[in-house]
Amino acid sequence: YQKAYFLNNPQKDPKNSAALALNLGNIYFLLGNFSKALMYYDKRLAAAFPFDHAETEILFYRRLGASAFQLRDPAQTASAYLNALELIQKRIAPQKASEILGKLNTQIFDRIITPALSKPELAQTANSLGEKQAAIHQELFKATGAATGQIHSLPDPAWPAYRKAIE
């Protein structure tokens with residue numbers, strides 16, 4: 001992808017350049033190189049081409065937010081996660097949105113916020129982001145109708161305990 005990215009002429013084929021930037025961002029993200037991932041995600045964002053699939057765009061913003069968090073950029077982290085939330089609210093059925101955000105929320109807390117809380121230099125920022133993430137999670141929960149009992153069945157058998165904890 002790197003060779004293709006550098007050989008691509010962004011003036012002649014900007015959509016391909018955007019797709020290659022996304023692919024490189026994903027590769028660097030999965031390798032744990034968050035600074036390079038963020039660099040390519042920012043290039044993909046600047047390209048302003050629509051994504052082919054809603055799920056790809058949601059994953060993009062999730063990874064953009066996680067990369068920004070790792071680089072201690074709380075503003076970009078919050079912005080990326082808010083964009084992911086808006087996309088979930090607009091494009092995905094309420095049951096699916098609640099399920100996806102529940103998984104996303106678990107990943108954010110388990111992989112990012114909880115480990116950061118154990119590091120003194122990150123604890124205050126992680127605590128603040130944790131509170132914001134909890135508020136976002138509750139907002140989506142209400143927006144999907146789950147708070148009013150409109151969601152009747154989710155595949156996770158732990159759903160009643162989750163619902164009770166949220167209420």
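**Helix H2 and its partners in a predicted model**

**View 1. Helix H2 spans 17 residues.** From its first C-alpha to its last, H2 reaches 24 Å, close to the 24 Å expected at 1.5 Å a residue (the expected span being 1.5 Å times one less than the number of residues). Helices (H or I, at least four residues) and strands (E, at least two) are DSSP runs numbered from the N terminus. The model is predicted, with local features requiring pLDDT of at least 70 and side-chain atom pairs pLDDT 80 or more, whereas totals for chains, interfaces and linings use all residues. Residues are numbered from 1 along each chain as its sequence is written, and side-chain values use heavy atoms, without hydrogens or water. Buried residues of H2 include Ser-17, Leu-20, Leu-24 and Tyr-28 (buried, under 20% relative accessible area; exposed, over 50%; partly exposed, in between; 1.4 Å probe, protein chains only). Just after H2, Gly-32 adopts a positive phi of about 85°.

**View 2. Helix H2 packs against helix H3 (residues 34-47).** Their axes come within 8 Å and cross at roughly 160° (axes are lines fitted to C-alpha atoms, for helices over the stretch in contact, with angles from 0 to 180 degrees between N-to-C directions). H2 is therefore roughly antiparallel to H3 (under 35 degrees, roughly parallel; over 145, roughly antiparallel; 65 to 115, roughly perpendicular; the rest, oblique). The residues in this contact comprise 11 nonpolar, 2 polar and 3 charged (nonpolar: Ala, Val, Leu, Ile, Met, Phe, Trp, Tyr, Cys and Pro; charged: Asp, Glu, Lys and Arg; polar: the others, Gly among them). Among them are Ala-18, Ala-21 and Gly-25 in H2, and Phe-34, Tyr-40 and Arg-44 in H3; contact means heavy atoms within 4.5 Å.

**View 3. Helix H2 (residues 14-30) meets helix H4 (residues 54-70).** The two axes come within 11 Å and cross at roughly 50°, and H2 and H4 are therefore oblique to each other. On the H2 side the contact involves Leu-22, Asn-26, Phe-29 and Leu-30, which meet Thr-56, Phe-60, Arg-63, Ala-66 and Ser-67 in H4. These residues divide into 5 nonpolar, 3 polar and 1 charged.

**View 4. Glu-99 lies in helix H6 (residues 94-117).** With a relative accessibility of 24%, Glu-99 counts as partly exposed. Glu-99 and Phe-141 are 42 residues apart in sequence and 9.6 Å apart in space, C-alpha to C-alpha.

**View 5. The protein chain comprises 8 helices and 0 strands.** Of its 167 residues, 39% are buried. Among contacts with a separation of 6 or more, 52% join residues 24 or more positions apart.
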